[in-house]
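These are my notes from a walk through one structure. I put down what I looked up, entry by entry.

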Amino acid sequence: MFTVSIREKGGDLQTRHFDKQEVSIGRIQGNDIVLPKGNISKRHARIVNRDNGFVVVDLRSTNGTYVNGHKITSPMVVTENDKLYVGDYVLQVHLELPETVEAPPPASNNADLDSTRALDVGVIAGKVAPQPQAMDETAAALHSLPTPAPARVEPAVAAVATAAPAAQPQTSQPISGANSTWATGQPDPAKAVATGSVKPVAIQPQTPAAAPRTLAPPPEPVTVAIEPPKNDASVGFPTAAVHAAAQDVSAFERYILALELLEDRARDTVFRGKDIDNIDFERQWVELESAVLSLVESAKRSGEIAASLDSATLTTDILYEITALGPVEYYLGDDEVSEVYVNSFNQIFVKRGNTTSMVWKSYSSPRAMENCVDRLAKAAGHTDGNRPAAFRGRLDNATHFQVARKEATLGSPAITFVKPYLLASSMDEMLRLGTITDDMRRLLLTWIQRERYNLLIAGPNHHGRQAVLGALLSAVGESERIAIIDRAAALAISHANVVRIDGYRSDSVQIADSLGTDRLVAAELAADHAESYLRLLATNRDGCFASMFARSPHDLGARLSSIIGSSSSNPTNLLLSAIQGIVFVTTDNHGTPHVTHVGELQKDEDGTLGITERYRREGHP
């Protein structure tokens, strides 16, 4: 017996009692707990009660499930003190022990479970070096929880995450295998947080009438910087193990050789005769995972691969290479990673905040990377005989990818993934993060809602500009329709009434203007449409937004003037008519944006453009 307390934001507390092991949560009837709100998925999450403990599982919901403010990417153990955030609701679980139940055994009898959970937390935090140990029956039951099949990702606009609850200290432990070993016998960096199977949704060929499908979010990885090895807990991998793995190159090569060998074998056996691009993962994943795992274990028994290699990690990597985008799956599902760069099959970099580092994961071979390129080409609508040397496309979760095939790079293909930036999703969130001050917030709300200024967000960091732009757009009324001209699909907003225009089209500004929208947004002013966009704003548009690169507020005026150049007899007056408000953004070393200047565009005494400052953050010239 257990109870679930449910409180809607601003509503009364409700309590539900259950005498079953699993409880489903969703928007529609048929779930044990029905939460009828638009930001709740049909089948959103479930709570599992095992051995007087609780596990919460997200069912690949559109807007995610959060524990204590942290989005979960795998089944997570929770306690009665933890808060579960599902849409606009906050839930807590409470165990009800019947009076006839005997008292629990002494704490010493549960030492193995306690140490296993403490070990898992230490591995994830990068604070302790784990030692292999056997799981007791309770830990094994939790570890073996089935992973739900993924739901198809909603279209790009709907897939943008809504504002997440404020982060709180995380006390829950993600389920993690206690015996995870990597090529060196050390804990596997991905397995430490990626326990259990996560099933990607295969990308299908795109037709002009249908958007490409994307991959289900993979388990959260741990990124290890190779040069130089980090000495803090942020890498999520024991420092000693980093040094050992860096010195033992042959151990890593053994892992890659094993991956290549078993991938070839899986293609010849498990996937023989199967249409890989159209696999029904809802029904077939468990079967495929079991078959590949059998291949791995058989190779271990025969001595073809080292017994120390982790079977679960190898199985996941094999499935990702054959059916999905390979090792980048780990990082596309990591909320802290904003961009992924693949320079060659064995060289992958990720960007977190302002830091770019090389990761340990790699493709097993150049052919495996080519398979990823082929899959992306199909997603972009290119057939086998019609593939340009370079192409671009988008996944349904708004991740943008750019591919340069080996014909264009004189060697290995190169791939760039740019994910939607979800750091700040509202003005209040920006205030909480310290991005803006309260005085700035009040002024910007006035400019957006009452005076309908045309606003320009400028600064040296692309992601910082996009985060602030997305938060400012949250102040636009829900009844207003927004047209966004966007190339990189990096602008993520929670506003529902949005249409996106491909910024690579030469007529993108004309299309956006013709749709009868209330507000226009140029997510990034590009050379081929910047002048036409500013001219449109100067003549008959208000309440619009734009973003552009500038090194400093003083540098901004010259860059704006260069856009218009000699094509106008009075470019300064045209720009003053087009743009009224300026918001200048920088980012700190962690990638958090900070608005340093808020002001109005003005004409200086020498005839050049300048800024009349309304607010300036202390310490910024």
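**Entry 1: helix α15**

I began with the exposed side of α15, where I found His-554, Ala-558 and Ser-562 exposed. For "exposed" I use over 50% relative accessible area, for "buried" under 20%, and for "partly exposed" the range in between, with a 1.4 Å probe and protein chains only. The model is predicted, so I note that local features need pLDDT of at least 70, that side-chain atom pairs count only at pLDDT 80 or more, and that totals for chains, interfaces and linings use all residues. Residues are numbered from 1 along each chain as its sequence is written, and side-chain values use heavy atoms, with hydrogens and water left out.

Which residues of α15 (residues 553-564) are buried? I listed Pro-553, Leu-556, Gly-557, Leu-560 and Ile-564. Seen down the axis of α15, these buried residues fall within an arc of 95 degrees, so they line one face of the helix. The arc is taken from the directions that run from the helix axis to the C-beta atoms. An α-helix has 3.6 residues a turn, so residues three or four places apart point the same way.

**Entry 2: helix α16**

In α16 I found Thr-572, Leu-574, Leu-575 and Ala-578 buried. They cover an arc of only 160 degrees around the axis, which puts them on the same side of α16. The buried residues of α16 pack against α14 (530-540), α15, β25 and β26. Contact here means heavy atoms within 4.5 Å.

**Entry 3: the sheet**

I then traced an open sheet of eight strands, in the order β21-β20-β22-β23-β19-β24-β25-β26, with mixed pairing. Helices (H or I, at least four residues) and strands (E, at least two) are DSSP runs, numbered from the N terminus; two strands pair if DSSP finds at least two bridges between them. β21 (498-502) and β26 (609-616) stand at the edges with a single partner strand each, so one side of each has no neighbour in the sheet. From one strand to the next, the twist averages 25 degrees.

Strands β19 (residues 455-459) and β23 (residues 545-549) pair in the parallel sense over five bridges. Ile-457 has Ser-547 of β23 as its bridge partner. Helix α12 (residues 462-473) packs on the sheet, and its direction makes about 170 degrees with that of β23. Helix α16 (residues 571-578) also packs on the sheet, touching β25 and β26, at about 125 degrees to the direction of β25. For these angles, axes are lines fitted to C-alpha atoms, for helices over the stretch in contact, and angles run from 0 to 180 degrees between N-to-C directions.

**Entry 4: rings**

How many aromatic pairs does a search of the whole structure find? I noted five. The ring centres of Trp-447 and Tyr-453 are 4.9 Å apart with planes at 25 degrees, so the pair is stacked. Rings of Phe, Tyr and Trp (its six-membered ring) pair with centres within 6.5 Å; planes under 30 degrees apart are stacked, over 60 edge-to-face, the rest tilted. Trp-447 is buried at 1% relative accessible area, and Tyr-453 counts as buried at 15%. Ring pairs also link Phe-2, Phe-18 and Phe-54 into a cluster.

**Entry 5: Arg-452**

Arg-452 lies in the loop between α11 (438-450) and β19. Arg-452 is not a glycine, yet its phi is positive, about 50 degrees. At 22% relative accessibility, I count Arg-452 as partly exposed.
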